[in-house]
Amino acid sequence: MAVIIKGMNVISDPWQRLELNADGSLPPVPPAGDIIVPLAMWQRLREGLLARPGRLGVWLNSNEEPAAIAEDLRLFGVVAVNFPKVTDGRGYSIACQLRERYGWKGELRAFGDIWRDQLFFLAGCGFNAFALREGEDPREALTAFGDFSETYQGSVARPLPLFRRRHLT
Amino acid sequence: MYRYDEIDQRLVEERVAQFRDQTRRFLAGQLSEDDFRSLRLRNGLYIQRYAPMLRVAIPYGLLTSHQLRTLAHIARKWDRGYGHFSTRQNLQFNGPRLEDTPDILAELARVQMHAIQTSGNCVRNITTDHFAGIARDEIVDSFVWCELLRQWSTFHPEFSYLPRKFKIAVNGAEADRAAVFLHDIGLQAVRDKGGTRSDGASPGGEVGFRVIVGGGMGRTPIIGHVMQEFLPWRHLLTYVEAVLRVYNRYGRRDNIHKARVKILVKALTPERFREEVEAEWASLTDGPSTLTEEEVRRVQGQFTRPAYAQLPGDDVGYAAQLATEPAFGAWAKRNVHPHKVPGYAAVTLSLKKTGVPPGDATADQMDAVADLADRYSLGELRVSHEQNLILADVRQAGLHALWQKAKALGLATPNIGLLTNIIACPGGDFCSLANAKSIPVAQAIQERFDRLDYVYDIGELDLNISGCMNSCGHHHVGHIGILGVDKNGEEWYQISIGGNQGLTRAGAPAALGKVIGPSFARAQISDVIEKLIGVYLEQRESEDERFVDVVWRIGIEPFKERVYGGHHQGHERHQRSLAAA
C-alpha cells in the first residue's frame, strides 16, 4: 500500500486510484475496495459505481471543471486533483473553487508531479492530502508545511488575511 | 520608504532559509535541473548565456541609500563590480555563482530586500510612477497601493504556477508614467466624480481604480482593455484575485508564446473575459480580503515621510544660477522635475552616458549615488523604468552643487526625454534569449546624436531598443522602436515609429509603433534614424510638436519613402539577400 500525507501525518493509502486506458476506454471496476475514479468514468458509470461496495472518490485532471461534480460532492469520500506537471498550476485554483465556491469539506487530495516544495502552497489552497511523486520521502517532506510562519493574503486554509488578524492576537 | 515590520522581516528570512535548502538539495543531486528551475526562477535566478543572472527586487523602484550601498557591496563581493538597472525597476547582477546566491539573498534580507518573484510564472514586482508621492498631478500616493498589492501577491498560494509571468502596474497621478495600458493588469487611480459625499466625510471624491487588463508588449503587443471604469479601492484585492483566477484556470499552457493573459482576453473577447471575472468575483467580493481603511492607514504609516523643510517657494539663488550658467540650465531643463512641496525638486541622474550600456552602474557609482542621496535627497532614491536613478526630494538651493557632483560622476548627461536617453535591454551581449545585440546599437546612435545642441532641436523623443521579441527594451512603445531579429543566423534590426508608452500628456494615449519596412544591418541604423529625424524636422509645425506627434499627424508613409525610397528599396533587398547568402 502506498503512503500519503494526510492531515500532516504519513499514512497508508486505503484508496486505489483508477486511470482511463491509453485509448480513452474505461478500466475494469474492481469488485471491492475504495476507489478514486477519473471524471469520465464517474460520468459514464455513475449508478454502477454507487451500487458497488466500497467507498467512492473522483479525480479531476487540471483541464477539467470542478463545476462538473459540484452537485455530486456529497456522494464522494475523496476528491483528488492531478498535477500533470509541476508547472501546471490550474489545480491550485480548482482546489480553491471546490472549497470556496462549492463547499467541499472532505478529503481534497493532490497527486502527480508534486513534491515537498509545493506543499506549503497546496495546503494554502485547501488540499489536506498529498500523494507525492515517486521517489519522494513523505516523512522528510513534512517540514515543508512550516516553510513560512505567516501568510499575508487570505486563503482557503486561513480565510482571514493577515490584516484582519493583526489585532486579534 | 516602507519599513518592514517584524513579520515582513521574518518572511524574507524564511525565504532565504528555504532557498538555501533548495540549492543544497540541487547541488547534492537530490533535485533535477528541471525541478530546481521552477524553484530558482521564483527567486530571481536565471542560468544565462555566460553566467547566472540574479534579479533583485526593488519594490516599485523605491530604495534607500543604505540599500544601494548593500547592492554595491554585493556587486563587489560576489559579482563583477557593477549592476544593471532594468526596465522593471529592478537590479540585475550578471555574474554571481550559483553557490553564492543563498548568501547574497541573506545579505539582501539584512537590509529589507529580496529577490522574491522577480522571475518565474508568478506575480512579478509591481511597478509605478517614479514620481509617486511628489508629483504635482498626484491623485493618490501609489506606493501605498503597490505595497498593499506586494503583500497580497507575495507567496500567494494559488498563483505560484501561472501560465506565464504576470505584471501589475499602478499609476497614481494624472499623467500615466507607469504604462498602465501595457501591463497584464494596469491600475489607474481615479477620484469618483461625485465630489463630497453626502455624509461630508470625504473632502474629495472616493478613490478607486480604472482596471485595465490584457495589455502588453512581447511578440504580440496589445493595448489593454478597461474592465472596470471605477473599482472602489476596498475591492482592489478581491477583483485582482478574480482576474488572476480566471487567468490561472483558462490561460493557455500549451504554447509559451500564447500564454499571457492578453491572449486569453483576446481569445475570449474582452466582454466574455469580463463576465468570467465578474462570476468569479461574485464569490469573493465583500469577503475577508476586502480592504479596510485601517489597513490602508497602517501601510501608509509604515512608510517614512520625508522631513521637508518649510520653504517660502522657488529658490532665488537657483533661478539666478539658471540664468547665468547655460550648461547648468541645460541640465536643469531636462533632468530637474517639479515637486509638489515648495522649494523642492526631483532630479534624474542619467545612467545613459554615451559609451556605457544603458542602465549599468558600477559599485563605485552606486556608493557615490548613495552619498548624494544622503546629502541632497533625504537618503532615498528611486529607479525609473527608463533605467535612470531619481533623487526625489532635493532642495532647489542644493541643485547646483548636486549637478557639479553628478557631472564628476558621469551621471549628469542632460538627456532625459531626449533621443539619447535610450531604453535598451541587456541584449545579445548578456542575454541568452536575444537575437541581436542592443547595447552597441544604442552606443552608435548616442554617438551620432551626441552633439547636444542638435538633440535639443529634436526635442522629446523616446527611442527604445529590444534585442528580441520579448521586448524587454519596450521597443513597441518607443516613438522610435528598434527590434533585433535573427535572419539566417545574422543580426538584423526592424524599425517601428509612432509608439507611445501611455497618456503622459493630454491627447496622446498609449500606442504601438508601426514597422516601417524591411529590417537593416546594424551599421545602417544610425543613418536610418537620421533620415527619420530629417523628415520630422522638415514636417513639424513648431518646436512643440514632437516627433511622435508628427508621425501621428502625417502617417508613416513620408518616413518610409525617405528611408527606402523607390528604387532604393529594391537595392536594399538585393543587399540583404547578398548578406543572407
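Visitor: How are angles taken between the N-to-C directions of two elements?
Guide: Axes are lines fitted to C-alpha atoms, for helices over the stretch in contact. The angle between N-to-C directions then runs from 0 to 180 degrees.

Visitor: In this predicted model, at what angle does helix α1 of chain A run to β4(A)?
Guide: Helix α1(A) covers residues 39-51 and lies across two strands, β4 (34-38) and β5 (56-60) of chain A. Its direction relative to β4(A) is about 140°.

Visitor: Which strands of chain A does helix α2 touch, and what angle does its direction make with that of β6(A)?
Guide: Helix α2 of chain A, residues 90-101, packs on the sheet. The strands that helix α2(A) touches are β5, β6 (78-83) and β7 of chain A, and with the direction of β6(A) the angle is about 160°.

Visitor: Which are the edge strands of the open sheet in chain A?
Guide: Eight strands of chain A form this open sheet with mixed pairing, in the order β2-β1-β8-β7-β6-β5-β4-β3. From one strand to the next, the twist averages 30°. An edge strand pairs on one side only, which holds for β2 (9-12) and β3 (15-17) of chain A.

Visitor: What is the bridge partner of Arg109(A) in β8(A)?
Guide: Strands β7 (residues 107-112) and β8 (residues 129-131) of chain A run parallel and are joined by three bridges. In β8(A), Arg109(A) has as its bridge partner Ala129(A).

Visitor: Which element gives the largest share of the side of chain B that touches chain A?
Guide: In the contact between the chains, 28 residues of chain B meet 28 residues of chain A. On the chain B side, two or more residues are given by each of α1 (6-27), α2 (33-41), α5 (142-153) and α6 of chain B. That side divides into nine nonpolar, 12 polar and seven charged residues. Its largest share, six residues, comes from α1(B).

Visitor: What is the radius of gyration of chain B, and why is the chain described as compact?
Guide: Chain B has 19 helices and 20 strands. For its 581 residues the globule rule gives 25 Å, and the chain comes close to that, so it is as compact as a globular protein of that length, with a radius of gyration of 24 Å.

Definitions and conventions
Residues are numbered from 1 along each chain as its sequence is written. Chains are lettered from A and ligands numbered from 1 in the order in which they are written. This is a predicted model: local features need pLDDT of at least 70, side-chain atom pairs count only at pLDDT 80 or more; totals for chains, interfaces and linings use all residues. Two residues are in contact if their C-beta atoms, placed from the backbone, lie within 7 Å. Helices (H or I, at least four residues) and strands (E, at least two) are DSSP runs, numbered from the N terminus. Ala, Val, Leu, Ile, Met, Phe, Trp, Tyr, Cys and Pro count as nonpolar, Asp, Glu, Lys and Arg as charged, and the others, Gly among them, as polar. The radius of gyration is taken over C-alpha atoms; the globule rule is 2.2 Å times the number of residues to the power 0.38. Two strands pair if DSSP finds at least two bridges between them.
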